[in-house]
Amino acid sequence: MDDQVTVITNPIVEVRITSTSNSSEVLRRFNRGITIAELKGKLEMIVGLPASCMELEVLSVSGDFLQKMDNNDALLGSYPVDNNCTIHVIDQSGGQMGEFGDVSKVEKFELSSDDYEKKTDSARAFMKKRGLGRYNEEEMAKKKAEQAAREEENKAAADAITVGDRCQVQVPGQPTKVGSVMYVGTTDFKPGLWVGIKYDEPLGKNDGSVNGKRYFECGNQYGAFVKPSHVIVGDFPEEDYGLDEM
């Protein structure tokens, strides 16, 4: 009886994918039974090129050119494709590697504010037509009135607060804190009127300074700034924690 030799080939091959459209290299596994046309379809998502613009080459493990893969109906396994070899994708569309990597080379579309205002299919036109956002005159008037009322409330509250007053600070969602008023007025960090408080305990956020500007002196984490409407002035003596008791 004649001796018989059977060669078993792994149906899956792991190859490196490179492209003229980018400088990256990725490792992918493919079934040797797919056609070159099917392979190009899978490569579209990898190299970002349409299959119709691809020319494929097989390179050896050492990077030497082996063969062009120019028959879309041929099977991948019919080419000398082994593990760790390279399938190189050549962009036939005329693009160059990194062509759009530098956005300064991309032509930008610019539209003047006046021309944009004339457009009838823009987001601004849609909002105007539907009376949304800042184009809802009734809603905007309501917000302005509410803002004016809040500012008036804070001004009246600030007028009743004097530096040196003892106070409670009641900010919604936070525990009540006790301290002394150290500053009343405007600040550089936010518009409006603010009250600087030195708390009796280290429950604050700063030492009386914000963004490098000092408004008053106190220990670190003892200072805070709150809106005047959250400050209640009164007889709030410092609590005795019994440190002198035996």
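Why is strand β8 (residues 193-199) largely enclosed by the rest of the structure? Five of its seven residues are buried (under 20% relative accessible area, with exposed over 50% and partly exposed in between, for a 1.4 Å probe and protein chains only). This is a predicted model, in which local features need pLDDT of at least 70 and side-chain atom pairs count only at pLDDT 80 or more, while totals for chains, interfaces and linings use all residues. Residues are numbered from 1 along each chain as its sequence is written, and side-chain values use heavy atoms, without hydrogens and water.

**Strand β8 and its partners**

- Helices (H or I, at least four residues) and strands (E, at least two) are DSSP runs numbered from the N terminus; two strands pair if DSSP finds at least two bridges between them.
- Strand β7 (residues 177-186) runs antiparallel to β8, joined by seven bridges, and Ser180 has Lys198 of β8 as its bridge partner.
- Six residues lie between the strands in the β7 and β8 hairpin, where Gly192 has a positive phi near 90°.

**Nonpolar cores**

- A nonpolar core is a set of buried Ala, Val, Leu, Ile, Met, Phe, Trp, Tyr and Cys residues joined through side-chain atoms within 4.5 Å.
- The largest has 21 residues, of which Leu39, Met69, Leu76 and Val81 touch the most other members.
- At least two residues of this core come from each of β1 (12-19), α1 (36-47), β3 (54-59) and β5 (86-91), and α1 gives the most, with four.
- A second, separate core of 11 residues includes Ile161, Cys167, Ile197 and Val231.
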